[in-house]
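Biologist: Can you take me through this structure? I would like to start with a strand and then move to charged pairs.

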Amino acid sequence: IASKSKPLQHVKEGWIHQPLDHFNRQNAKTFTQRFFVNEAYWQRPDGPVFLFIGGEGPIYNFDVLAGHHVDMAKEHRALLLSVEHRFYGDSINPDGLKTENLADLSSQQALADLAAFHQYISQSFNLSSRNTWISFGGSYSGSLSAWFRGKFPNLVYGAVASSAPVKAKLDFAEYSNVRSLYMSQINAPTEHFAHTSFLQMELMQNLADIIMGSVQYNEEGVLMSIKELCGVMTKTSHNMYHSNSDESCLDISHEKTVKELKDVSHKNRRRAERQWTYQTCTEFGFYQTCEDTTCPFSGMVTLQAQTKICSKVFGISQHSLPSRIAFTNSYYGGDNPNTYRVLYVNGGVDPWKELSVVQDSSEGSQTVFIKDTAHCADMSKERLTDRHSLREARQEIENHVASWLRTAALEKMTKSGA
């Protein structure tokens, strides 16, 4: 037991004071941002730095203790860091979730946080240009990893972006279509329900979310795998959610959803629906609609119904969403970003691949495509049950990271005249 708990001794929690608005020097307000450091494998003073970027939720000490990036850090003797996204987890002021304060929640501010964090860590650990930084992230934080490299190429030498939806999209109908495709391949029923009320739309969305989790993270520790889910759906018992969860049966009323999203307290740090919904309304869209006749959830989960949340909860006009999303794509480059030394990793069973980069580009984007794996599967620690394709993909990622570190070392030798 002692040997198992020993790595925890190497993890230190830290806090940095960040400006609430990096782009307005008149605003002197700050918030405290949480981070973790693991020095156990670091070869002082010149070893590389592996930065694990937090996404739309809290960070945990295991973000610097376990995972594929940690395995690579051991091999390359890297300093391990994980930093929490502003307005998520504990990195939030007491009144931070009030609508007027959410104006400071954006991916642009989050990237500026990373730049300031880079400077803070460099001073704290006496780092220099000899230390090569590599960033890692998955899903939204995968996008941040790619964008950090794109916007601050002098701070981070290379980036791994797993299952990263770098293209913002208002109507993400493809999500349901991909979900439908994989379910139909395993003989799942695709009954069509009549289109009636908001209540039914909410039920459809909740059912869709359960299925979404199964398809997106197939066999990666979710409620149930696609196979199990389809087994449940083809049986006569309909108590699907309740039988597999400690929670009571779902309250699927639209009013309850709106009420929960309007809750500005953050007594439960794991809850992030309000913050993430705000980001979908202001930057990304990503609304998983189901209006097409081929969709297994019929025409209930409409774009109109989902974007109405933006005006009901935050007072953000539905009509402003297309221009906000267009700005995000022009700012970052959408799914054709100019990101040199960024490795985009995607799984064939992951609906989010539709908004990621899946082919190498002349701009320098490199890709790894894992035919039969799900969302962020490559990020977990290697397991005996892993498919061959996943093992191969991890090896490919390791080769890229090792190559970046070799190139960086050669560049430094050339500059120093060694």
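Predicted model: local features only at pLDDT ≥ 70, side-chain atom pairs only at ≥ 80, totals over all residues.

Biologist: Strand E3 then. Where does it sit, and how many of its residues are buried?

Modeller: E3 covers residues 49-53, and five of the five are buried, so the strand is largely enclosed by the rest of the structure.

Biologist: Which residues are on which side?

Modeller: Val49, Leu51 and Ile53 are on one side, and Phe50 and Phe52 are on the other. Both faces of E3 are covered.

Biologist: Why do neighbours in a strand end up on opposite faces?

Modeller: In a regular strand, side chains alternate between the two faces of the sheet.

Biologist: What does E3 pair with?

Modeller: E3 is joined by five bridges to strand E4, residues 79-83, and the two run parallel. Strand E5, residues 133-138, is joined to E3 by four bridges, again in parallel.

Biologist: Changing topic. How many salt bridges does the structure hold?

Modeller: There are 16 salt bridges in the structure. One of them is between the side chains of Glu260 and Lys256, at 2.4 Å from N to O.

Biologist: How far apart are Glu260 and Lys256 in their helix?

Modeller: They are four residues apart in helix H9, residues 254-261, so about one helical turn separates Glu260 from Lys256. Glu260 is partly exposed, with a relative accessible area of 33%. Lys256 is partly exposed too, at 29%.

Biologist: And Arg387, what does it form a salt bridge with?

Modeller: Arg387 pairs with Asp372, and their closest N and O atoms are 3.8 Å apart. Both residues lie in the loop between strand E10 and helix H13, so the pair ties together parts that are 15 residues apart in sequence.

Biologist: What about Arg394 and Asp386, buried or exposed?

Modeller: Arg394 is buried, and Asp386 is buried as well. They form a salt bridge, with the closest N and O atoms 2.8 Å apart.

Biologist: Last one. Which residues are linked in a network of salt bridges?

Modeller: Glu13, Arg34, Glu84 and Asp90 are linked in such a network.

Key. Residues numbered from 1 in each chain as written. Heavy atoms only, no water. Buried < 20%, exposed > 50% of the residue type's maximum accessible area, 1.4 Å probe, protein only. Pairing = 2+ DSSP bridges. Salt bridge = Lys/Arg side-chain N within 4 Å of Asp/Glu carboxyl O.
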